[in-house]
Amino acid sequence: MVRDGKLAIDSTPNQDTPYLLAGDGKAVLGLDVWEHAYYLKYQNVRADYIKAWWNVVDWDKAAQLFGAAK
């Protein structure tokens, strides 16, 4: 999330998306850690899911979104 030109980390309750709750900020990246996102492949090992997630982030797109939001 970018607010006032600065990067911020936000958390949303339940399945709420930061794209709908952004308000005055702009979402750059999103990581879904609800069990439905990872359970079939990672079972109860959320940390492995998060570790693998970093390898599939589209960093060019994230940089583009961050640049546009600054």
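## A patch on the surface

Patches here are made of residues with over 30% relative accessible area and no salt bridge, joining nonpolar side chains (Val, Leu, Ile, Met, Phe, Trp, Tyr) within 5 Å. A salt bridge is a side-chain nitrogen of Lys or Arg within 4 Å of a carboxyl oxygen of Asp or Glu, and accessible areas come from the Shrake-Rupley method with a 1.4 Å probe. This is a predicted model, where local features need pLDDT of at least 70, side-chain atom pairs count only at pLDDT 80 or more, and totals for chains, interfaces and linings use all residues. Residues are numbered from 1 along each chain, and side-chain values use heavy atoms, with hydrogens and water left out.

So who's in the patch? L29, W54 and W59 make up a nonpolar one, with about 330 Å² of accessible area together. W59 belongs to helix 4 (helices are DSSP runs of H or I, at least four residues). With a relative accessible area of 45%, W59 is partly exposed, meaning between buried (under 20%) and exposed (over 50%).

## The largest pocket

The largest pocket has a volume of about 760 Å³. A pocket is an open set of 1 Å grid points where a 1.4 Å probe fits, with protein on both sides within 12 Å along at least five of seven lines; lining residues have an atom within 4 Å of a point. Of its 27 lining residues, D10, P18, L29, G30 and L31 are the closest to the centre. Helix 4 gives the most to this lining, with three residues.

## A positive phi

Q43 has a phi near 55°, a positive value in a residue other than glycine. Q43 sits in the loop between helix 2 (35–42) and helix 3 (46–53), and is partly exposed at 39% relative accessible area.

Methods:
Grid points are joined across faces, edges and corners, and a volume is the space filled by probe spheres set on the points. Helices (H or I, at least four residues) and strands (E, at least two) are DSSP runs, numbered from the N terminus. Patches are made of residues with over 30% relative accessible area and no salt bridge: like charges are joined within 9 Å, nonpolar side chains (Val, Leu, Ile, Met, Phe, Trp, Tyr) within 5 Å. Buried means under 20% relative accessible area, exposed over 50%, partly exposed in between (1.4 Å probe, protein chains only).
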